[in-house]
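Please read the following note with the sequence and the three-dimensional view open beside it. The points are numbered so that each can be checked in turn.

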Amino acid sequence: MNILMIGAGSMSEALVKGWIDSGISPQTITMTNRADRARLFALAEQYGVRTTTDEQIDRFDVIVLAMQPDGVLEYIKQHRWTDQLLISVAAHITPVEIEAHVTCGAVCAMPNTPVAFRTGMTGLWFGDHVSDIKKRQATTLFERVGETVETDASTMPYLMAAAGCSPAFFYEIVGAMTPVLTKAGFNESAARRIIAQAMKGSAELLLHEERPTAELIQDVAAPGGPTDRGVHVLREHQLAEAMHAALMESAREDV
Ligand SMILES: NC(=O)c1ccc[n+]([C@@H]2O[C@H](COP(=O)([O-])OP(=O)(O)OC[C@H]3O[C@@H](n4cnc5c(N)ncnc54)[C@H](OP(=O)(O)O)[C@@H]3O)[C@@H](O)[C@H]2O)c1
């Protein structure tokens, strides 16, 4: 299986890193971009992937469109498509828009950057012309770097907000928590590790639990104890409303 990555930015790199760590040979991955040759050279050095500045798309089995969304349809129209597995990771581009110009079918995937460490969450929206074999191939590819969920026109914006955008939301929370620890005497790196490990552990527990989050909070927060008092402060400051509003804003399509 030969994979061509169109675009060599942060999302493309995260996928390539995760796929190589999952056992895909770097020599079967080719990356390209539009202008930044130094970036391509650096990626080839770091990961051992191939690079090209003159891609011949019919020589690849899988093509991943990982450029900015505004370039996707233009790129699609400029090339001749045969029977490749065509995957776009661009936000707000739909399979219908792509399939208007190709006969091979289109998969719109929405991964997030944790795919670099094979802990990604990827939404997969299959176009009407994607065969079952290609659906399986695309799902297997993204399962190598995390979990997948099938999405459609109505769920994709919310998957994107909750999985694609939320790493930034979590970093915002970490950024707010870190100074409290550094002021207490931890260095920056230790403070960050403490918070990140606590988040990772909590996420791991959540993935093994079915009970509502309110009950999980009760497990940790004895009435009147430090956790309970902290949770009250979060509620007074309306964290839940802020998170809800952030997700709704990120999911908006009319901007
Ligand atoms: N970052 C995320 O967390 C995330 C999550 C989910 C989905 N996405 C989607 O992933 C895509 C890429 O995001 P990103 O954050 O990686 O962006 P980025 O860092 O800006 O990278 C975009 C890359 O695309 C290249 N490119 C643009 N037009 C091209 C063309 N016509 N042919 C070949 N290469 C082209 C750019 O090359 P030059 O620099 O040479 O112009 C650059 O390497 C976006 O569509 C975004 O919606 C991103």
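1. For residues 3-91, UniProt lists "domain: Pyrroline-5-carboxylate reductase catalytic N-terminal", in an unreviewed entry; UniProt positions are given here in the numbering used in this note, feature names are shortened, and annotations may be inferred rather than shown by experiment. Helices (H or I, at least four residues) and strands (E, at least two) are DSSP runs, numbered from the N terminus.

2. Please keep in mind that this is a predicted model, in which local features need pLDDT of at least 70 and side-chain atom pairs count only at pLDDT 80 or more, while totals for chains, interfaces and linings use all residues. Residues are numbered from 1 along each chain as its sequence is written, and side-chain values use heavy atoms, with hydrogens and water left out.

3. The secondary structure of the chain comes to 10 helices and eight strands, and its C-alpha atoms fill a box of roughly 65 × 40 × 35 Å, taken along the principal axes. Of the 255 residues in the chain, 39% are buried, where buried means under 20% relative accessible area, exposed means over 50%, and partly exposed lies in between (1.4 Å probe, protein chains only). Among contacts (heavy atoms within 4.5 Å) with a separation of 6 or more, residues 24 or more positions apart account for 55%.

4. The chain is divided into domain 1 (3-153) and domain 2 (159-251), with bounds that come from an automatic or database domain assignment. The C-alpha centres of domain 1 and domain 2 lie 32 Å apart, and the contact takes 11 residues from domain 1 and five residues from domain 2.

5. In what order do the eight strands of the open sheet run? The order is β3-β2-β1-β4-β5-β6-β7-β8, with mixed pairing, and two strands are said to pair if DSSP finds at least two bridges between them. The edge strands are β3 (50-51) and β8 (146-150), each of which pairs on one side only.

6. Within this sheet, strand β1 (residues 3-6) runs parallel to β4 and is joined to it by four bridges, with V64 in β4 as the bridge partner of M5. Strand β4 (residues 62-65) also pairs with β5 in the parallel sense, again over four bridges, and here V64 stands opposite I87 in β5. Between β4 and β5 the chain passes through helix α3 (residues 72-78), and this β-α-β crossover is right-handed, a term that applies if, with the strands pointing away from the viewer, the path from the first strand over the helix to the second runs clockwise. On to strand β6 (residues 107-110), which runs parallel to β5, there are two bridges, and I87 stands opposite V107.

7. Strand β5 (residues 85-88) has L85 and I87 pointing one way and L86 and S88 the other way, and all of them are buried. Leaving aside neighbours within four places in sequence, I87 is in contact with several residues, including V62, V64, V107, A109 and F142.

8. Which residues touch the most other members of the largest nonpolar core? They are W19, I29 and I87, in a core of 33 residues; helix α1 (residues 10-21) gives the most to this core, with six residues. A second, separate core of 25 residues includes F60, I63, I98 and A163. A nonpolar core is a set of buried Ala, Val, Leu, Ile, Met, Phe, Trp, Tyr and Cys residues joined through side-chain atoms within 4.5 Å.

9. Two residues deserve a second look for their backbone angles. Most residues other than glycine have a negative phi. R118, which lies in the loop between β6 and β7 (120-126), has a phi near 60°, a positive value, and R118 is partly exposed, with a relative accessible area of 39%. Q238, found in the loop between α9 (226-236) and α10 (239-251), likewise has a positive phi near 60°, and Q238 is partly exposed at 45%.

10. S202 has its place in helix α7 (residues 188-207), and S202 counts as partly exposed because its relative accessibility is 41%. The C-alpha atoms of S202 and L216, 14 residues apart along the chain, are separated by 9.9 Å.
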